[in-house]
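Reader: Please take one part of this model and go through it closely. I would like to know what packs against what, and how the pieces around it are arranged.

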Amino acid sequence: MSDKISIAIDMDDVLAGTTEKMVLAYNTLKKTNYIPDDLLTLDLEAVFDETTMMQMFNEINSPGFTRDLVVKENAIEVVKELNDVYDVYIATAAMEIPGSFQDKFEWLQENFPFLDVNHYIYCGNKKVVRSDYLIDDNVKQLHQFRGTGILYTAHFNHKIEAPFTRIDSWTEAHGHFIDNRQHRIEETRERRIKAYEKSLAALK
């Protein structure tokens, strides 16, 4: 394992405004006028019945849907700075939306051209991602992840209580990983030592 600290970053609703476009697609489909913040109070089971879920999946899985997603504010600048001092990976659960593979690749190439293309990880369960940190909006993925999870606030997870450090913006991410880099180094060293000791104990 490299001594350099690694950070995996989710794409949808962390780097990209996926929910915003999904709400627009829903409004077009159902002739409604919802905004993303309505997700905090809506009865989602009523709004997304089985037929609507299938229609929305077909829309989201269509080529082009992911290609023009809006980049989150300050994401490009902060990720570029992170990439200068950390090993940065993109870990996206693309298996759920197989039609998005090419769009996601081209979107990352256009907006984050400084990232190593070999650091794109298309996966399902992010338990397989072996980075030190994972920045993700999905609490389930963070629970499965073996490193240190960072919960990125999204429209649907505002009210979720979870045992992870929460960041609300890429400005906060900068503070956590750049301004407090020495603490992250010490934190990672301690976690790696504990993991090594645990593996030794398992061999006894």
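**Leu-82 and the core around it**

Author: In this predicted model, Leu-82 touches Ile-7, Val-88, Trp-170, Phe-177 and Ile-178, leaving aside residues up to four places away in sequence. Leu-82 belongs to the largest nonpolar core, which has 29 residues; together with Ile-9, Leu-15, Ile-135 and Trp-170 it touches the most other members. At least two residues of this core come from each of β1 (6-9), α4 (75-85), β2 (87-92), α5 (101-111), β4 (133-136), β5 (148-152) and α7 (170-179). A further core of 10 residues lies apart from it, with Val-129, Leu-134, Val-139 and Leu-151 among its members.

Strand β4 has buried residues on both sides: Tyr-133 and Ile-135 point one way, Leu-134 and Asp-136 the other. β4 pairs with β1 in the parallel sense over 3 bridges, and Ala-8 stands opposite Leu-134. The pairing of β4 with β5 is also parallel, over 4 bridges, with Leu-151 in β5 as the bridge partner of Asp-136. Between these two strands the chain passes through helix α6 (residues 139-144), and this β-α-β crossover is right-handed.

Phe-177, one of the contacts of Leu-82, also touches Arg-184. Arg-184 is in helix α8 (residues 181-203). Its relative accessible area is 5%, so Arg-184 counts as buried. Other residues that Arg-184 touches include Ile-5, Tyr-86, Tyr-133 and His-176. The side chain of Arg-184 also makes a polar contact with the side chain of Glu-187, at 3.0 Å.

Notes:
Residues are numbered from 1 along each chain as its sequence is written. This is a predicted model: local features need pLDDT of at least 70, side-chain atom pairs count only at pLDDT 80 or more; totals for chains, interfaces and linings use all residues. Side-chain values use heavy atoms; hydrogens and water are left out. A nonpolar core is a set of buried Ala, Val, Leu, Ile, Met, Phe, Trp, Tyr and Cys residues joined through side-chain atoms within 4.5 Å. Buried means under 20% relative accessible area, exposed over 50%, partly exposed in between (1.4 Å probe, protein chains only). Contact means heavy atoms within 4.5 Å. A polar contact is a pair of N or O atoms within 3.5 Å; within protein, one must be able to donate a hydrogen and the other to accept it, and residues adjacent in sequence count only if both atoms are side-chain atoms. Two strands pair if DSSP finds at least two bridges between them. A crossover is right-handed if, with the strands pointing away from the viewer, the path from the first strand over the helix to the second runs clockwise.
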